[in-house]
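Please work through the exercises below with the sequence and the structure at hand. Each task is followed by a worked solution.

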Amino acid sequence: MANIFKKVFFVDFLKGLSLTLRYEVSKSITMRYPDEEKWLPYQRFRGLHTLNRDSQGRELCVACELCAKTCPTKCITVVPMEDDKGIGISDRIAKVYEINLVRCMFCGLCEDACPTTAIRMGRDYELACFSLDCAKAEKKRLLAPKEIPQELDGGYVIKARFERTKEGLKVRPDLSKKKRWW
Amino acid sequence: MSHELITMDINTLIEVALIIVKVIFVSLTLFALPIPLTWMERKVAGHIQLRLGPFRVGPHGILQPVADMIKLMFKEDIVPDKADRRLFWLAPLLAMVPAFAVYAAIPFGDTVKIPFVDKEITLYISDMNVGILYILAISGMSVYGLILGGWASNSKYAAMGGIRSSAQMISYEIALSFACVAVVMIANSLSLLDIVNAQKELHWNIIYQPLGFIIFLIAALAEINRIPFDLPEDEGTLAAGYHVEYSAMKFSFFMLAEYVAMVTVSVLAVILFFGGWNAPLFLPEIPIFWFVAKVAFFIYFFMWIRFTLPRYRYDQLMTIGWKILLPLSLLNILVTGLFLL
Amino acid sequence: MEKIFFLIFAIMAIASAIGVVSLRNPVHSAISLMACFFQVAAIFVLLRSPFLAAVQVFLYVGAVMVLFLFVIMMLDIRKATISRFVPGGLFWIVVILIALVYEILAVISKSNLLARRVAAVRLDGTVAEIGKTLFTEYLLPFEVVSVILLVALIGAIVMGKKEIK
């Protein structure tokens, strides 16, 4: 009896329609990257490496080359040099510190090998570019201050602005506004 | 012939000019309609699936159909090697022309007085006394585009799509016409104008013909090949069905015909069952506005169904057509006849 | 004006009818037949009978021809496009054609069809009039035709069933 009622009045059909209508008016889950929003990864994220400094602004890297030795893809080149000007924390600093990003597989072993926590995996994941030049991350780029501070916890969507500049495309984050997208 | 032309006075000339203007206006509108409709369909699809739909071309992606149109225009027009070239050319036109020709008999409103010039304009190209028959006959013809397009492509999938569409058309045309017959019996006229005028003051046919309306809606969905009855262009089993070999503008002609057919069916549903341009409840009468609003609702409804229901199997399609809709529509006619007596 | 239109439609109808029998490809023939039906419908309109025109398009173009095409597409038409349709050649066609034309002319010349003038037809009530005459004056032929159609229908079903067994 109930079955016949269901068939005659298209109960299942109407149920389906109301379900899709509910979805229709509910908020979409699309993240509007890169135009308006951007995903801020967790702290554990393994993105572009960073070379860090201590609290006095001295480079932590002592050019021990452990990272280069442990790297499975051999993509890190370190050339050490003597230094007495106090740039680093000891008298040995890296003259050249270069990571070949095309070969790097972001495994994070360099991070583990580093005795001074100089090299860390950062949270910058927009590494695509139009020429091979930017596939080489040299010391200057790795040392440069990051847009997203290390202390900030991640795991949510932040506002962002899509910029077209001469250097290329850039999604500039705005850390003040955040939302959890689920 | 020459003396007939001379004796044509100024009033007939104005009438003829008016009709030509109306024809041009209606066909241009129909040509332009797929632009907002494709956008709307993709937006509806997106939101139902919790996406946003097109968003990058123009504000809220409103220019996306224009971009698509430009793309379609510049794509390579491929004709398969062993296709029947003449029919391959003819098929998109055969699909499109009937879809447009239907609008010669469709009224969009009664009459409107133009301000300043003291003249009444009828909001239809012609009021045929066989209007509904004409519309059913002509709209049934657009299936030739599908059949011949499928056959001329010389491709298995396309041929299967063509065969499916012809069988589907024959099966559902009967139920569709019978659903219309009951409405004609109530209005006592085949003219669409009379049918609408018989539904004044909320005596809409949907109240008297709920069963007829359901039959009409289901059969119409099958006639215009939309989900859940879009078996002629079933992506899952036939790639793209009858238009699998078509590209560029020929393909867009098929798309155009499909969208215009959807509008036609919405218009018919409004005229036959929802009181045409009569205002709902006790709202004020505004020329054309209510008509367009109702048609827009039905277009939305068809899109809504498309993203709600899955596709029927082919044997289910035939079962619904012959074993359920046809007896029900006959019963509907019988009951309507008894009530009218 | 009307005469010109009539001539256009009539010539098109005859041309497409010739196409039906002369075209090799059955699908092309079917399309010519469809075009022919359409021209005849147009002539019905000229004769002030829009109802018959609509029915002509509805039934013949919309349903019967679709079925024809359906069947043609199911068949293997490659063989048919090569072979000639009438094995006996042109001779028998010409003989039958002449006989038919003679017959038609004989009937027309004897009857008073040419002399009878069609009464002025009102355009607005044709559907109702046709319905009324069908169910009063021509009730018997109408019923006979429907019984014949019913018999054909049942016969088709019976023949179809047999093969399944």
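The exercises that follow concern a predicted model and treat the fold of one chain and then two chain contacts.

**Exercise 1.** Describe the secondary structure of chain A and determine how its radius of gyration compares with the globule rule.

*Solution.* Begin with the elements: chain A contains 5 helices and 8 strands. Read from the N terminus, their order is α-α-β-β-α-β-β-α-β-β-α-β-β. Next, take the radius of gyration, which is 25 Å for chain A, whereas the globule rule gives 16 Å for 182 residues. The value is well over the rule, so chain A is more spread out than a compact globule. The C-alpha trace of chain A spans about 90 × 35 × 35 Å along its principal axes.

**Exercise 2.** State what share of the residues in chain A is buried, and what share of its contacts with a separation of 6 or more joins residues 24 or more positions apart.

*Solution.* Of the 182 residues in chain A, 15% are buried. For the contacts, residues 24 or more positions apart account for 68% of those with a separation of 6 or more.

**Exercise 3.** Characterise the contacts that chain B makes with chain C and with chain A.

*Solution.* The contact with chain C takes 24 residues from chain B and 20 residues from chain C. On the chain B side, α6 (131-141), α7 (143-152) and α8 (156-187) each supply at least two residues; α8(B) gives the most, with 8 residues. By class, this side has 18 nonpolar, 4 polar and 2 charged residues. Turning to chain A, the contact takes 9 residues from chain B and 8 residues from chain A. Here the chain B side has 6 nonpolar, 2 polar and 1 charged residues.

Note on methods:
Residues numbered from 1 in each chain as written. Chains lettered and ligands numbered in written order. Predicted model: local features only at pLDDT ≥ 70, side-chain atom pairs only at ≥ 80, totals over all residues. Contact = placed C-beta atoms within 7 Å. Nonpolar A, V, L, I, M, F, W, Y, C, P; charged D, E, K, R; others polar. Helix = DSSP H or I, 4+ residues; strand = E, 2+ residues; numbered from the N terminus. Rg over C-alpha atoms; globule rule 2.2 N^0.38 Å. Buried ≥ 20, exposed ≤ 12 C-beta atoms within 10 Å, placed from the backbone.
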